[in-house]
Amino acid sequence: MNGKIGISLIGVLLLTIVVGLLWMPYDPNAIDLAHSLSSPAAKHWFGTDEFGRDVLSRSMLGARISVLIALGAVGLAISVGTALGVLAGYLRGWTDRLLMMVTDAVLAFPGILLALALMAVLGSSGSSIIFALAIAYTPSVVRVVRGTVLSIREREFIEASRAAGDNAFRTMVRHVLPNIVPPIVVLATSLFGWALLSESALSFLGVGVPPPAPTWGNMLSASRPYMDVASWLSIVPGLCIAGTLLGVNLLGDALRDWLDPRRRS
Amino acid sequence: MLGYILKRLLLTLPTLLLVSVGVFLFIRLIPGDPALVLLGEGADAASLAGVRADLGLDRPLPVQFLTWLGHAVRGDLGRSIFSGEPVSTLILQHFGLTALLVLTAVTLATLIAITAGLVAAWRQDSAIDLAVVGTATVVLAVPSFWLGLVLLLLFGVKLGWLPFVGYVPFSESGVQAALFLVMPIVTLTITESGVLTRMMRASSIDVLQLDYVTHARAKGLPESTVLIRHVFPNAFAPTLTLVGLTLGHLLGGVAVIETVFTLPGLGRLMVDSVLARDYPVVQGCLLFTAVVYVVVNLLVDLCYPIFDPRVTAR
């Protein structure tokens, strides 16, 4: 049931992105000062912003940019984190100890503040956000993957692989990696939600994707001065973020239940 | 017990060392002369030379690190490029408000999580359980700053019940300060209670299935005693860990809430410094929040044996 709601919400999001690639009601960056701050109506379904730009078109383009950034950050964190986590969990010894010390240290910084500081060094752009968020999330991936690998490396089929003369690299890729996919998938869904939230938070704090390119976060941030006269400007992107997060979280819960043999009764 | 405390204390040392290396390297990541980065573009030759000598910028990197660490340990984190005030003074000025905000909100959120989580687990799959899980799931999906903006719009702008722009310190007017803090605290409490409630519910469900709970019930103990005396202590440990992690991160990370409600807290100080490229303050805030995080989690770990004496037995 929850999984179905989750999949439907994600479906709506993907549909919005695909439709947005082919057609948008207006040019998302077209300025029309004569119709600024007009409330939702038949002509502009979600109203217009302070420059008269169509909020629906901007939300559609914003969906594409926000999702691409979140996907990029999660993809980078998952691939680097999985590689390091498998190495730490499988090789143990000093590799493990060193990596754990480094992840402990990175985890000591609040995610948003670490990303914020990195943005100060990297400058504001989409790729810096991806990079900054990936650095902030990689340690959690390393942690989860390492924990799973620790229990897998004691199983018989790993010993069999070693006995058959496979080298460590082959054992890790062919036998360890396929068995840690379920927890990674679950982690990736929750990280995606976090990344989306962090992107909007960073944009809100003024270090996100620079205007005029819309993201849900910078639309929300720009809506602040007009909150009492044009509430739709904050409600629309807010609902977009909340709906997507709800979908991702529900999907993540359903995946966890489905992949966890203990709960699949 | 003493062994456990000592072991836990020793384990934090490498983390703290690595954290400080990271924060030290942060300034070196910025392109350009570190002295210029630390003093800002308008610095004159004499003060640049002064900083270079003070921090040993002509010496090898490891020596520079030790010099910097020596200063940092004594509370000297440099000066703000713009106000010229010592970074440590700025941090302490802003930290009080953030600590008050976060401690209150996390305490409230924990109390909500314990109550809601225990009750939901006790009556699993009932209407109450569905309501708790549903609310927690929705709350998890709402960005804190959006919730803050909505509350601000409703209770600040539309209804005019609560003040929302700026802040009056407690030293000037306790009532005013408290009024300014109501909305930020409510926002934080709501957003943080979601994940804590889910954690408390999940671990309570696991504990409720254990034999000793059946035994306690078979003895004829009332349900309230079973829940409070027998289920709660065992089910709370994972939530306590999560409270520690949340607390540690929020103490530095409430930048967004402080921005929404224009509160002069630590997060806001950091955001303003990032936007103004005031690197010594950014560096100081980073170090401070990371150390706070490590210390808070150390304290949480030291509280652990109260709920689960087995952790010291190893």
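1. Of the 265 residues in chain A, 49% are buried, where buried means under 20% relative accessible area, exposed over 50% and partly exposed in between (1.4 Å probe, protein chains only). Please keep in mind that this is a predicted model: local features need pLDDT of at least 70, side-chain atom pairs count only at pLDDT 80 or more, and totals for chains, interfaces and linings use all residues. Residues are numbered from 1 along each chain as its sequence is written, chains are lettered from A in the order in which they are written, and side-chain values use heavy atoms, with hydrogens and water left out.

2. Chain A has ten helices and zero strands; helices are DSSP runs of H or I with at least four residues, strands are runs of E with at least two, and both are numbered from the N terminus. Its C-alpha trace spans about 75 × 45 × 30 Å along the principal axes. Among contacts in chain A with a separation of 6 or more, 71% join residues 24 or more positions apart (contact means heavy atoms within 4.5 Å).

3. Now to the interface. Here 41 residues of chain B are in contact with 38 residues of chain A. Together the two chains bury about 3,500 Å², 78% of it on carbon and sulfur atoms; buried area is the accessible area (1.4 Å probe) that two parts lose on being put together, summed over both. On the chain B side, Phe145(B), Trp146(B) and Leu149(B) lose the most area to chain A, together 17% of what that side buries.

4. The polar side of this interface is worth a look too. Chain B and chain A share eight residue pairs in polar contact, both residues at pLDDT 80 or more. A polar contact is a pair of N or O atoms within 3.5 Å; within protein, one must be able to donate a hydrogen and the other to accept it, and residues adjacent in sequence count only if both atoms are side-chain atoms. The count of salt bridges between the chains is one, and Arg198(B) and Asp253(A) meet in a salt bridge at 2.9 Å, N to O. The term stands for a side-chain nitrogen of Lys or Arg within 4 Å of a carboxyl oxygen of Asp or Glu.

5. Within chain A, the salt bridge of Asp96(A) and Arg146(A) has its closest N and O atoms 2.6 Å apart. This pair links distant parts of the chain, with Asp96(A) in helix α3 (residues 93-107) and Arg146(A) in helix α5, 50 residues apart. Both Asp96(A) and Arg146(A) are buried.

6. Asp129(B) is buried at 2% relative accessible area, and Arg201(B) is buried at 18%.

7. Ser128(A) sits in helix α5 (residues 126-152) of chain A and counts as buried because its relative accessibility is 6%. A polar atom of its side chain lies 2.7 Å from the backbone oxygen of Gly123(A).

8. Lastly, Trp23(A) is in the loop between α1 (2-22) and α2 (55-91) of chain A. With 54% relative accessibility, Trp23(A) counts as exposed.
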